[in-house]
Amino acid sequence: MARRKAIKRENGTGSIYKRSDSKNRPWVAVAPAKYDSSYKPKRIVIGHFATAQEAKNALFQYNLNPTEKYNITVEQLFTEWSDIAYRNISKQTVDNYNACFNKIKPIYNIKFRELRTGQMQKIIDDNTNMSSSTLSKIKLLFTQLYKYALENDIVNKNYAEFIVLPKQTTTKKDSFTDLELAKIEQSVNEVSFADLIFVMCYSGFRISEFLELTPFAYDPKAQTLTGGNKTIAGMNRAVPIHPKIQPIIEKWIAKNGDTIFCKEDGKKYSAKYFREKCYYPALRAIGIRELPPHCTRHTCATRLAAAGARPEDIQKILGHSDYEVTANTYIHQDIDTLKNAINLMA
């Protein structure tokens, strides 16, 4: 059994002792004892140190903000944080956080108080093949964990704020050409789901917004679809229905599903299922480029702009947050104005 050489300290301030069986870091700092309901002492080992002074400094820092979670690991902290944080956020946000957590496995077992910027930065640098959005979400996860740790006196400094993300490169988003859109239109009654791609190109909804439209979103009198959920500017916006897609929408509404564009059993499509089983197979069958669903929004915006629609009308239809104050506060387009804009498309 290792021999111990203790340094005398005042009662209730913790203890420091030297182990005879350790050469590199023989000095041990132990937090003041805590007693449970049966009066059994519970002692937290703060750490092992090379010198007595390092042990004294660590014990001093601990006593400034004592906590029973002093040795909590990154994985344990995430579990504790997520149990609370996941109560009031969407499933999509939960999935994003879980995906980011899977990317930081190399640091799961590190004590959170010992985590430093370099260790988190390495995870970012080792995954530069990922999108800027994904890397930003990983940094956001670290930021959220530090916020929780600060609130619970586990740390007293946020090292996540020093993480440097790779410089973003601006990539030009593509859209379907006039010829490709014409092929989509020609395939409406021949290729499954070509009609839905056509509707997306003529309405500008994001794929998640599009798939969440319910029969109540359709106003046959005003000829609009009301939906949108991502931004303040895009939330619950009324989008005029172009005459070319009116029959398609009415055909799908007649299915009496939970959503307008539903499965055969009336249930809602998930974005992943729709993308993989409906959208891309339809593009292959039509014989055009397999652009991602978001490009239907760019197609809508491009054709509106080419037709001479006003910028504020385009932003209102697409639900963009840019120019939000001007478009939403000072310029008040009624539904007839927006209808004229959407009808500019050939």
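Ala, Val, Leu, Ile, Met, Phe, Trp, Tyr, Cys and Pro count here as nonpolar, Asp, Glu, Lys and Arg as charged, and the others, Gly among them, as polar. Keep these classes in mind for the linings and contacts below. The model is predicted.

**The second largest pocket**

The second largest pocket has a volume of about 500 Å³. It is lined by 20 residues, and those closest to its centre are Q61, Y70, R113, R116 and I154. By class, the lining of this pocket splits into 8 nonpolar, 5 polar and 7 charged residues.

Which elements supply at least two residues each of this lining? They are β6 (45-49) and α1 (52-64). The largest share comes from β6, with 4 residues.

**The second largest cavity**

Rolling a probe the size of a water molecule over the atoms shows where empty space is left. In this model the count comes to 2 cavities of 30 Å³ or more. The second largest cavity holds about 30 Å³ of space. Its lining is made of S132, L135, S136, L165, P166 and Q168. By class, 3 of the lining residues of this cavity are nonpolar, 3 are polar and none is charged.

**Two helices side by side**

Next come helix α2 (residues 74-85) and helix α3 (residues 91-103). Their axes come within 12 Å and cross at roughly 175°. How do α2 and α3 run, roughly parallel or roughly antiparallel to each other? Angles over 145 degrees count as roughly antiparallel. The helices α2 and α3 are therefore roughly antiparallel to each other.

In the contact, α2 brings E75, F78 and W81, and these meet Y97, N98 and F101 in α3. The residues of this contact divide into 4 nonpolar, 1 polar and 1 charged.

Strands of a sheet pair through backbone hydrogen bonds, either parallel or antiparallel. Here 3 strands form an open sheet in the order β7-β8-β9, and the pairing is antiparallel. Why is one side of β7 and of β9 left without a neighbour in the sheet? Both strands stand at the edges, each with a single partner strand, so one side of each has no neighbour there.

The table lists the two pairings.

| Strand | Partner strand | Sense | Bridges |
|---|---|---|---|
| β7 (residues 218-219) | β8 (residues 224-227) | antiparallel | 2 bridges |
| β8 | β9 (residues 237-240) | antiparallel | 4 bridges |

Now look at single residues. D219 has T224 in β8 as its bridge partner. Y218 is bridged to L225 in β8. L225 also has a bridge partner in β9, namely V239.

The hairpin of β7 and β8 has 4 residues between the strands. Which residue of this hairpin takes a positive phi? It is Q223, with a phi near 55°.

Key. Residues numbered from 1 in each chain as written. Predicted model: local features only at pLDDT ≥ 70, side-chain atom pairs only at ≥ 80, totals over all residues. Heavy atoms only, no water. 1 Å grid on protein atoms, 1.4 Å probe; cavity = no way out; pocket = protein on both sides within 12 Å on 5 of 7 lines; lining within 4 Å. Points joined across faces, edges and corners; volume = space filled by probe spheres on them. Axes fitted to C-alpha atoms, helices over the stretch in contact; angles between N-to-C directions. Parallel < 35°, antiparallel > 145°, perpendicular 65-115°, else oblique. Contact = heavy atoms within 4.5 Å. Pairing = 2+ DSSP bridges.
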